[in-house]
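Here are my notes on this model, point by point. Please read them with the structure open.

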Amino acid sequence: MFTIQMDKTFKQFLKIFYQLGIWQRDEESEYRKIGKKTFYTLFGALLPVFFAINAFLCADRSEAIFSVQAAIITSVVYLKLLYILFRKQEILSFLNDPIVVHSIENRGEYLQVNKKLQKFIGFVRPYCLAIFITAVLLIVYKLPIFSNDKGLPAFISFSWNDSEIVYWLAYLLISLSIVLHSIINYTSALVWYIMLNYSLEYRLLGNKLKNLGVTTEKNQNKKQQKLTKKGRSQKSLNSAAQSKTFVENLIVLVKAHRNLTETVESFRSCFSKLFLAQITTSGIIICVAVYSLAYASKESVFQTQLFVSCLLYGLLEIFLVMYLANEITVASDRLSYCLFESNWIEQTESCKKYVLIMGEVLKQPQQLVILIYPMNLETFVKKPS
């Protein structure tokens with residue numbers, strides 16, 4: 001038996017949540033837990049509120065439009081923060097679920113699944129690192145020692161303020177908020193990781209359905225070669241035993257399929273608000289990013305890179321969710337074909353009836369639907385705004 005545990009990258013994310021106090025440990029008092037949750041709930045709202053205010057007060061039109069985009073992005077990130085704060089147990093239960101922590105008997109399947117997970121980890125690490133580096137550069141780039149316009153991070157002019165104290169206080173709070181929001185964005189990687197494992201588990205279940213009766217048939221042939229000829233009655237007993245084993249294994253896989261379907265539905269229900277926010281705001285983020293790029297100052301290369309980063313961020317945030325949800329649907333849709341590729345035709349008539357009934361059940365693929373949006377690649381193409 002081969003087991004695939006959660007990668008150390010994601011364990012490090014969880015460790016950061018505990019170290020920052022976003023997640024509280026069990027030994028902490030209730031008052032301390034409530035205090036930390038209240039602090040992060042209020043402090044996390046600072047950045048989207050500030051960008052929204054700046055969109056109304058700043059004189060520059062391009063900056064106002066960019067502030068609207070930033071307010072939308074940070075609002076979605078703030079929603080992720082609320083998920084982390086108040087749905088810790090659900091997130092941990094999904095991450096530690098046996099479906100996500102795969103137990104695989106076949107070494108070939110283990111290597112194949114592990115390879116896919118490592119490719120995913122190879123994408124997540126630079127993605128999260130790029131977000132954190134971008135956050136640091138946004139803070140450092142606008143420091144007075146590097147800039148003369150006395151603006152705030154993310155190219156906010158802050159022209160509507162005349163107080164020096166307010167400026168430095170705003171700079172400190174905005175800088176801390178940007179760092180916090182960059183860390184909160186790691187939640188996306190955790191959600192992607194869970195969704196990827198659901199699609200992999202459907203594929204593993206399909207392989208088990210495909211191999212139903214195959215191993216039994218091979219073992220039965222070996223036994224028949226060793227045994228002397230004992231007539232048709234012995235052959236009939238062997239066939240009955242083979243069908244009984246087939247049905248028992250099928251029942252185990254039916255229960256596994258039901259458990260997987262219920263878990264995926266529970267996951268969809270838990271993160272439905274987050275997915276809905278991402279889907280409905282992605283078009284606005286992409287359009288504003290394109291507008292900002294069109295009218296960005298050609299003299300500031302870093303500013304252009306920031307707008308490109310916003311565009312890529314908006315595309316990736318929605319595309320990866322749609323792609324992984326589509327993978328779940330595709331993998332679950334193959335289950336009925338996998339079942340009929342098994343050795344079911346050699347079983348008894350009663351056993352064949354079970355297979356046909358199960359085949360009808362498996363014809364309905366697992367589809368994640370958020371409100372009116374089916375989460376798949378077709379929605380990603382047809383719902384750009």
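1. Helices α1 and α8 are oblique to each other, since angles under 35 degrees count as roughly parallel, over 145 as roughly antiparallel, 65 to 115 as roughly perpendicular and the rest as oblique. Their packing angle is about 140 degrees, and the axes lie 11 Å apart. Helix α1 covers residues 8–20 and α8 covers residues 186–210. The crossing of α1 and α8 is left-handed (the near helix is turned anticlockwise from the far one by less than a right angle). Axes are lines fitted to C-alpha atoms, for helices over the stretch in contact, with angles from 0 to 180 degrees between N-to-C directions.

2. This is a predicted model, where local features need pLDDT of at least 70, side-chain atom pairs count only at pLDDT 80 or more, and totals for chains, interfaces and linings use all residues. Residues are numbered from 1 along each chain as its sequence is written, and side-chain values use heavy atoms, without hydrogens and water.

3. Check the loop between α6 (107–141) and α7 (164–184), which holds Ala-154. Ala-154 is not a glycine, yet has a positive phi of about 70 degrees. Phe-155 is found in the loop between α6 and α7 too. Its phi is also positive, about 60 degrees. Ala-154 is buried at 6% relative accessible area, and Phe-155 is buried at 13% (buried means under 20%, exposed over 50%, partly exposed in between; 1.4 Å probe, protein chains only).

4. Leu-57 lies in helix α3, residues 46–57. Leu-57 counts as partly exposed because its relative accessibility is 46%.

Methods
Helix = DSSP H or I, 4+ residues; strand = E, 2+ residues; numbered from the N terminus.
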